[in-house]
Amino acid sequence: MLPLYVTSGEPAGIGPDICLSLAERVDERPVVVLADIEVLKQRANLLNKCIKFIEFNGQEQSAPHGSLYFEHIAVSEKVEDGCLNKANSAYVLEQLRRSAEYAMQGKSVGVATAPVQKSIINDAGIHFSGHTEYYQEFAGVDRVVMMLATKTLRVALVTTHLALRDVPDAITKERLYQVIDILLHDLKTKFKIEQPNILVCGLNPHAGEDGYLGREEIDVINPVLETYRTQDVHISLSMPADTLFTPDHLKDADAVLAMYHDQGLPVLKSQGFGEAINITLGLPFIRTSVDHGTALSLAGTGLAKSSSLHVAVDLALDLAHH
């Protein structure tokens with residue numbers, strides 16, 4: 001049975017801590033952590049966790065309770081909990097490279113990712129804008145879609161890590177078609193929703209209020225949405241975001257499409273922070289992720305919450321089962 005790989009992320013952050021909690025699980029499919037074994041052992045000692053570490057060599061059975069499969073990748077320099085070191089940026093990227101390569105080669109069902117610190121990778125002189133963009137480039141796909149999900153809400157984004165002043169120019173008809181096509185395709189194929197029902201946020205307050213508060217809805221967004229609606233796709237025209245995210249509207253929605261990062265994600269995270277996960281749509285493999293950062297100050301303290309990683313692993317395994 002093919003494994004699911006878990007990248008342990010930034011070694012100075014809580015990635016190793018939360019990955020250790022995977023030893024508490026027994027899954028049908030092997031779950032393998034990509035990490036430096038000494039980092040895992042040191043963190044386990046610090047947290048007083050008694051874990052049996054097993055180097056994964058392709059066995060098909062799952063790891064027994066209290067044990068953890070790993071694949072060793074060496075850090076460049078000794079890790080100090082909570083202290084970033086740009087010398088270990090290559091180690092972080094090697095985790096991503098291997099996880100992507102295994103998925104693309106059909107050696108795994110996909111990957112769940114612990115958090116990385118983008119700033120320190122860039123400080124090392126390596127341009128890095130995020131996991132999502134990294135996997136997109138590795139897979140050679142034109143467009144991917146970032147979607148965050150809780151048990152009751154899915155929010156996909158038209159634009160992701162962009163300065164707010166750049167967002168309107170990035171929302172083109174071409175981009176909207178690409179994003180909506182991917183969203184529809186993956187809701188049907190990965191999530192097995194036959195006829196997805198999607199609500200769409202307008203860009204401007206009150207969805208532009210008939211052009212008084214901006215014309216993007218009239219000139220760009222709604223014409224694209226109308227195209228889908230004429231093809232019997234269950235998708236709304238652009239709606240005011242402040243009323244779209246109310247229980248009445250959301251009760252029949254399979255997903256919400258937000259125009260920019262901080263339009264959709266604060267609502268979702270306020271509803272389920274720590275229980276939310278990130279999934280990259282449009283990749284030829286499954287990729288889920290935690291919804292939080294590296295939390296450097298919590299590394300090695302025992303205070304890091306691992307719930308989001310467990311939800312990310314659960315979803316990845318569930319999608320693999322589909």
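## Two residues with a positive phi

H206 sits in the loop between β8 (197-201) and α8. (Helices, H or I with at least four residues, and strands, E with at least two, are DSSP runs numbered from the N terminus.) Although H206 is not a glycine, it has a positive phi of about 55 degrees. H206 counts as partly exposed because its relative accessible area is 43%; buried means under 20%, exposed means over 50%, and partly exposed is in between, using a 1.4 Å probe and protein chains only.

D232 is another non-glycine with a positive phi, here about 65 degrees. You'll find D232 in the loop between α8 and β9 (234-239). With 60% relative accessibility, D232 is exposed.

## What you're looking at

This is a predicted model, where local features need pLDDT of at least 70, side-chain atom pairs count only at pLDDT 80 or more, and totals for chains, interfaces and linings use all residues. Residues are numbered from 1 along each chain as its sequence is written, and side-chain values use heavy atoms, with hydrogens and water left out.

Let's go to helix α8 (residues 216-229), where L225 is found. L225 is buried, at 1% relative accessibility. Leaving out neighbours within four places in sequence, L225 is in contact (heavy atoms within 4.5 Å) with I180, V200, I235, S236, L237 and S238. Take I180: 45 residues separate it from L225 in sequence, while the C-alpha to C-alpha distance is 9.0 Å.

Now for I14, in the loop between β1 (4-7) and α1 (15-20). Is I14 buried or exposed? At 4% relative accessibility, I14 counts as buried. Setting aside neighbours within four places in sequence, the contacts of I14 are H292, G293, T294, A295, L298, A299 and A304. I14 and D210 are 196 residues apart in sequence, with 47 Å between their C-alpha atoms.

## The nonpolar cores

A nonpolar core is a set of buried Ala, Val, Leu, Ile, Met, Phe, Trp, Tyr and Cys residues joined through side-chain atoms within 4.5 Å. The largest one has 94 residues, and V6, F53, L183, F191, L257 and V313 have the most contacts inside it. Helix α12 provides the largest share of this core, 8 residues. Apart from this core lies another of 18 residues, including L157, A241, L250 and A276.

What does V313 touch, if residues up to four places away in sequence are not counted? The list is L4, V6, L22, R25, V31, A112 and T288.

## Pockets

Here's the idea behind finding gaps: rolling a probe the size of a water molecule over the atoms shows where empty space is left. On a 1 Å grid over the protein atoms alone, a cavity is a set of points where a 1.4 Å probe fits but cannot get out, a pocket is an open set with protein on both sides within 12 Å along at least five of seven lines, and lining residues have an atom within 4 Å of a point. Grid points are joined across faces, edges and corners, and a volume is the space filled by probe spheres set on the points.

The largest pocket has a volume of about 390 Å³. Its lining has 21 residues, with K118, H131, H161, N278 and H292 nearest the centre. At least two lining residues come from each of α5 (131-139), β6 (145-149), α11 (261-272) and β12 (286-290). By class, this lining has 6 nonpolar, 10 polar and 5 charged residues. (Ala, Val, Leu, Ile, Met, Phe, Trp, Tyr, Cys and Pro count as nonpolar, Asp, Glu, Lys and Arg as charged, and the others, Gly among them, as polar.)

The second largest pocket holds about 330 Å³ of space. It is lined by 17 residues, and A149, T150, K151, R154 and L315 lie nearest its centre. Helix α12 (residues 307-321) gives the most to this lining, 5 residues.

The largest cavity has a volume of about 80 Å³, and residues lining it include L22, R25, V31 and Y69. Strand β4 (residues 67-72) makes the largest share of the lining, with 3 residues.

## Cysteines

The structure has 0 disulfides (pairs of cysteine sulfur atoms within 2.5 Å). For C50, the nearest cysteine sulfur is that of C19, 18 Å away. C50 is exposed, with a relative accessible area of 78%, whereas C201 is buried at 0%.
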